[in-house]
2 protein chains.
Amino acid sequence: MSPREAVIAFWATANARQWEEFAALLHPRMAYHVPQTRERAEGREGFVDVFRTWPGDWIAHVETVVADERAAFSVIRFVVDGTADTGISLFGFEGGLISSVTDWWPVPYDPPARASAWLNRY
Amino acid sequence: MSPREAVIAFWATANARQWEEFAALLHPRMAYHVPQTRERAEGREGFVDVFRTWPGDWIAHVETVVADERAAFSVIRFVVDGTADTGISLFGFEGGLISSVTDWWPVPYDPPARASAWLNRY
C-alpha cells in the first residue's frame with residue numbers, strides 16, 4: 001500500500017469505525033502530535049483510543065491528499081454535530097506503516113491591516 | 001523543475017528577496033488563498049506584491065516538504081521580529097509553474113477536556 005493509499009484507508013476506516021482495519025495501518029510505536037496544544041500520544045494503542053473515544057457523530061471529508069514515498073499530507077473537513085473544522089495532517093511512514101501523525105486545526109481569524117492592496121476578502 | 005524543487009526555490013528566493021526569480025516560478029494566472037481570513041489575491045503580480053510588501057525582517061525556515069507530480073505541501077517556521085509562527089502551504093501546479101498557493105496559520109490553543117487518557121501535554 002502506498003502512502004497515498006494508506007492515508008485514504010486511514011480516513012475511510014476511521015469514518016467507518018473499523019478500528020481493527022484502522023490499527024492495521026499503524027506502526028506499533030507510532031507517535032501522535034498536536035503542536036498547537038502541545039499534546040502527544042505514544043504508541044498505536046493510545047492513538048487508536050484517541051480516535052475511538054472522540055466525542056460526537058463525526059465524519060472526516062477528505063479534501064486533499066499529497067503524498068510522496070516517505071510522507072503524506074491530508075486536508076479534511078471534519079464535521080461533527082453540525083460544525084465543520086479544517087484539519088491538516090502530516091503522516092510519516094516506516095516499513096509501509098504510518099509511524100507518525102501530526103495534526104493542525106487552523107481556525108478563522110480577522111486579518112491584520114495588509115500592506116498589499118491585492119488581498120481581497122470574500 | 002519538479003514540484004519539490006519549485007517549493008524549495010520558492011522559499012529560497014522569497015527569503016533572498018529575489019523577486020524576479022520568485023515570480024519566474026509562478027503561473028501568470030495563479031491564485032492565492034487564505035481560508036482562515038477569507039482572503040484571496042488573483043494573479044502573479046498581486047501575489048508577488050503580497051510577499052514583497054510583507055512587513056518586518058522575516059525569514060521562512062522550511063521544516064517539511066511533501067510533493068507529488070501535481071501538488072506540494074510545505075511547513076515553515078516563519079520568524080519575524082522575534083516571533084515565530086507555523087505556516088502550512090499547499091501548492092498547485094500547472095505546466096510546471098505554481099498555479100495556486102493556499103496558506104494556513106495554525107496558532108496555539110488550550111486543548112478541550114479529552115475523552116482519551118493517552119493524550120499528554122508537554
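Which residue in β5(B) does Ser74(B) stand opposite? I looked this up and found Ser89(B) there.

Before going on, I noted that this is a predicted model, in which local features need pLDDT of at least 70, side-chain atom pairs count only at pLDDT 80 or more, and totals for chains, interfaces and linings use all residues. Residues are numbered from 1 along each chain as its sequence is written, while chains are lettered from A and ligands numbered from 1 in the order in which they are written.

I then turned to the strands (DSSP runs of E, at least two residues, numbered from the N terminus). Strand β4 (residues 71-80) of chain B runs antiparallel to strand β5 (residues 83-94) of chain B, and 10 bridges join them; two strands pair if DSSP finds at least two bridges between them.

I traced the open sheet of seven strands in the order β7(A)-β2(B)-β1(B)-β6(B)-β5(B)-β4(B)-β3(B), and its pairing is mixed. At its edges I found β7 (120-121) of chain A and β3 (59-67) of chain B, each of which pairs on one side only.

Helix α1 (residues 3-15) of chain B packs on this sheet, touching β3, β4, β5 and β6 (97-104) of chain B, and its direction makes about 175° with that of β3(B). I took helices as DSSP runs of H or I with at least four residues, contact as C-beta atoms, placed from the backbone, within 7 Å, and angles as running from 0 to 180 degrees between the N-to-C directions of axes fitted to C-alpha atoms, for helices over the stretch in contact.

Notes: Contact = placed C-beta atoms within 7 Å.
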